[in-house]
Amino acid sequence: MKAIRRFTVRAVIPESLQALDELSSNLRWSWHEPTRELFRHISESLWRSTNHDPIALLGAVSPERLAELADDEGFVGWAGSLRDDLRRYVEEPRWYQTLEGAPQAIAYFSPEFGIAAALPQYSGGLGILAGDHLKSASDLGLPLTGVGLFYRSGYFAQSLTSDGWQQESYPVFDPDGMPLSVLRHPDGTAALVALAMPDGRTLSARVWTTMVGRVRLLLLDTNIPDNDEDLRGVTDRLYGGGGEHRLLQELLLGIGGVRALRLVGALLGGPAPTVFHTNEGHAGFQGLERIAELISDGLTYPQAMEAVRAGTVFTTHTPVAAGIDRFEESLVDRYFEQRELVPGVSVEDVMQLGAEDYEGGTPGVFNMAVMGLRLAQRANGVSKLHGNVSRHIFAGLWPGFDFDDVPIGSVTNGVHAPTWTDPLLLELARNTLGTSDTTHADWLSPSLSDGDLWQVRHRLRENLVEDARARIAAAWRRRSPTAITPSWLSSVLDPDVLTIGFARRVATYKRLTLMLHDKERLKRILNDPERPVQLVIAGKAHPADDGGKRLIQELVEFAAQPDVRARLVFLPDYDITMAQTLYPGCDIWLNNPLRPLEACGTSGMKAALNGSLNLSILDGWWAEYFDGDNGWAIPSADAAGDAGERDALEANALYDLIEHQVAPRFYDRDENGVPGRWLEQVRHSLKTLSPELSADRMVRQYVEDLYVPACRESASLTANRFSGAKDFAAWKARVTAAWPDVAVVHVESGGMDAVPQVGDQLRLRAHVALGGLSASDVTVEVVYGHTGADDELVTPQRAGLEPRDCGSGGTAAFEGVVPLDRSGAFGYTVRVVPSNSAMASPAELGLVASAH
């Protein structure tokens, strides 16, 4: 018989053990190994069965055990010292406090946050990245607040039927049993945010808060009695429901999120955010709420827009247009046609922000990423290659500019090393290299022997094999509770065999089943008598993606064959806890997406931090960090005639690498059974990749390249009652109106002999019609360099031309010199772009006039 309602009863903690309550309520325990060891000491079995959740553990431990610990002076002192360490960590100055001109408060919006298995509010890479961002922000001392939604059923739990078909279940989570507390008014009532809905209804949400180290996280929850029954379900599931359901979630995240930040400021104090970071387009509506607030303070829409844009950073994570949230304009119009949702902002202005009103766009569609880009002065992709892909995807927003000029940069993702580095490797670094900071340890030091490193790598593989066997057996028992568990399940995988891992969201472009292209060849590789290989695979398909589910089914059916099942396993219900054993336990991390459709691919980063080598298509982060010694690159068959031919070529290349390079190197052992050349690569990978792949590096880059400039520009535009925003908006309107009459009328050149040579100087004089603008309103540039096919400039350079004199009819002359420093085909052109100190990029206004 099932209970109709479930809740968590928290244990009464003895007075002497109150430190446990403080330690369990701050999610720093999710990456602080000494604190995790404290909770593990309470009960090893409960720690394991509660999925490493301190609050669940304290709810399950017996009163007798708590009393025993309360009388243990050593344990009480241990807990107290860790509590004191947490307090120092939260209060002491860190890296961020050494900076000048950095924002006093930053808001970070994301639809999901993957921080710990105990707070299952994530589906995959985007959420894990957001969680790692918060953790490193805490470690570095950023005054950052995360804003998201509390999903009562999270994403979904995955199981497989006997024939390998994915099934989803949605367990209902009890927030009272999580490290969360409700934001409350002084009288004890819950603080609510409210959004006006069509037909006079209201969507309300309470605000759950938790601390991630020194960073606060806010999660909005609509499952409250104040809402109508249908609106209570807005935050039911992550990425659940149809288009309107998703739109409601995104309205709540963006508009409600800003209102929640105001509530926190009013109730808990602290400075208001000056920089707003939108992690993917889902939270784009936050800009509208901030605009509406400024309009209520007396600004016009254009003025408020400039003030908001200056302080906004937008990160796009998708490498394909199909991965962007897009809604029918009529649906969005329905929510904004009533002015109460964002007072002062017209529905026409809202619709323009998301309109695909550019070449290649689709009329009648509201695009959330497009709105994100239009509401942010600074934008980035999540790897260098992805930044380039994004510039091509969104180039239509900046017509007339080359792809390289599109103002979307890149900050390559990183992963939080203390979360993802196995304790065994941390211990090895501490004992032999004198540091627990594995990202800056000297992994090439002779004080670390190959034997010691190999022993730890072997133990990590043993842990994975043990965990995988337990998961497979448990999955079997769930499917067949009355059947006898087959004996062969206890011997799947072998801790002495080369282990390849593959785990990610099962989207078509990630090609889960590329390894199955030639099943007989794969069987020979797996069962090689001298150099066997085993594969550990995990991943979830979206509930609506039957194509992804069929890929899982095909893989599971293959893995069930008697001659394969000991060497290839699929682990259901991929989550953080599984990943923390899977990544370290693999010798090789495999990634074979269709290039260039992998935005970054952080799973390979987590494996690399543990000494695993990568075997990957040159896509995402691997395209910029592969150096020939930190793993292997699978050649891309981009020029293949069709998808089938491409898959065949790349699969065969994968087989060749495993058979002829990876496996031979792994099994090439010295007299002590140690693979010296393999470990050279492991050491090199740990030494060179660990600091680069760290989320600390990523967050520092966001601060220095994006947050600080955004803060500086925001301060400039908002000072003196927004005089800068008012001036910039007026200037922008004037330039936009005049631009149709701006043109490069004529370009004169000289200063060279009849046959130009290296060392000559090309002198240019460009006559420009300014259309009533002044020379200070524009920048006139010569764009020059080598020419390729169709006279296209290859990797062009730019040099400004200086105004010399004004002619009649509103024209001006601009002059400059171009050095001819290289031989070969050479070309140049002249262009005019708007110029204002408040612009972050010459392409910002999307206006350019080029010579013809």
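User: Leaving aside neighbours within four places in sequence, which residues is Phe285 in contact with?

Analyst: Let's begin with some ground rules. This is a predicted model, where local features need pLDDT of at least 70, side-chain atom pairs count only at pLDDT 80 or more, and totals for chains, interfaces and linings use all residues. Residues are numbered from 1 along each chain as its sequence is written, and side-chain values use heavy atoms, with hydrogens and water left out. Contact means heavy atoms within 4.5 Å. By that rule, and with those neighbours set aside, Phe285 touches Leu247, Glu250, Leu251, Gly254, Ile255, Phe336, Phe366, Met368 and Met371.

User: What is a nonpolar core, and how many residues does the largest one have?

Analyst: A nonpolar core is a set of buried Ala, Val, Leu, Ile, Met, Phe, Trp, Tyr and Cys residues joined through side-chain atoms within 4.5 Å. Buried means under 20% relative accessible area, exposed means over 50%, and partly exposed is in between (1.4 Å probe, protein chains only). Here the largest core has 96 residues, and Phe285 and Phe336 have the most contacts inside it. Helix α9 (residues 243–268) gives the most to this core, contributing 11 residues. Helices (H or I, at least four residues) and strands (E, at least two) are DSSP runs, numbered from the N terminus. There is also a second, separate core of 63 residues, and among its members are Leu69, Leu134, Leu144 and Met698.

User: At what angle do helix α18 and helix α25 pack?

Analyst: Two packed helices are described by the angle between their axes and the distance between the axes. The axes are lines fitted to C-alpha atoms, for helices over the stretch in contact, and angles run from 0 to 180 degrees between N-to-C directions. Helix α18 (residues 450–479) meets helix α25 (residues 676–693) at about 80°, with the axes 11 Å apart. That makes α18 roughly perpendicular to α25; the ranges are under 35 degrees for roughly parallel, over 145 for roughly antiparallel, 65 to 115 for roughly perpendicular, and oblique for the rest. On the α18 side the contact is made by Asp450, Leu453 and Trp454, and on the α25 side by Gly676, Trp678, Leu679, Val682 and Arg683.

User: What is a salt bridge, and how many are found in the whole structure?

Analyst: It is a side-chain nitrogen of Lys or Arg within 4 Å of a carboxyl oxygen of Asp or Glu. A search of the whole structure finds 51 salt bridges. In one of them, Arg461 pairs with Asp587, and the closest N and O atoms are 3.0 Å apart. Arg461 lies in helix α18 and Asp587 in the loop between α21 (576–585) and β20 (588–591), so this pair ties together parts 126 residues apart in sequence.

User: Are Arg461 and Asp587 buried or exposed?

Analyst: Both Arg461 and Asp587 are buried. Arg646 is buried, at 13% relative accessible area, whereas Asp638 is partly exposed, at 47%.

User: Which residues join into one network with Arg646?

Analyst: Salt bridges that share partners join Arg511, Asp638, Arg646, Asp647 and Glu650 into one network.

User: Which residues of α19 are buried?

Analyst: In α19, the buried residues include Arg521, Leu522, Lys523, Ile525 and Leu526. The buried residues of this helix pack against β18 (533–538), α20, β19 (568–571) and α24 (643–667).
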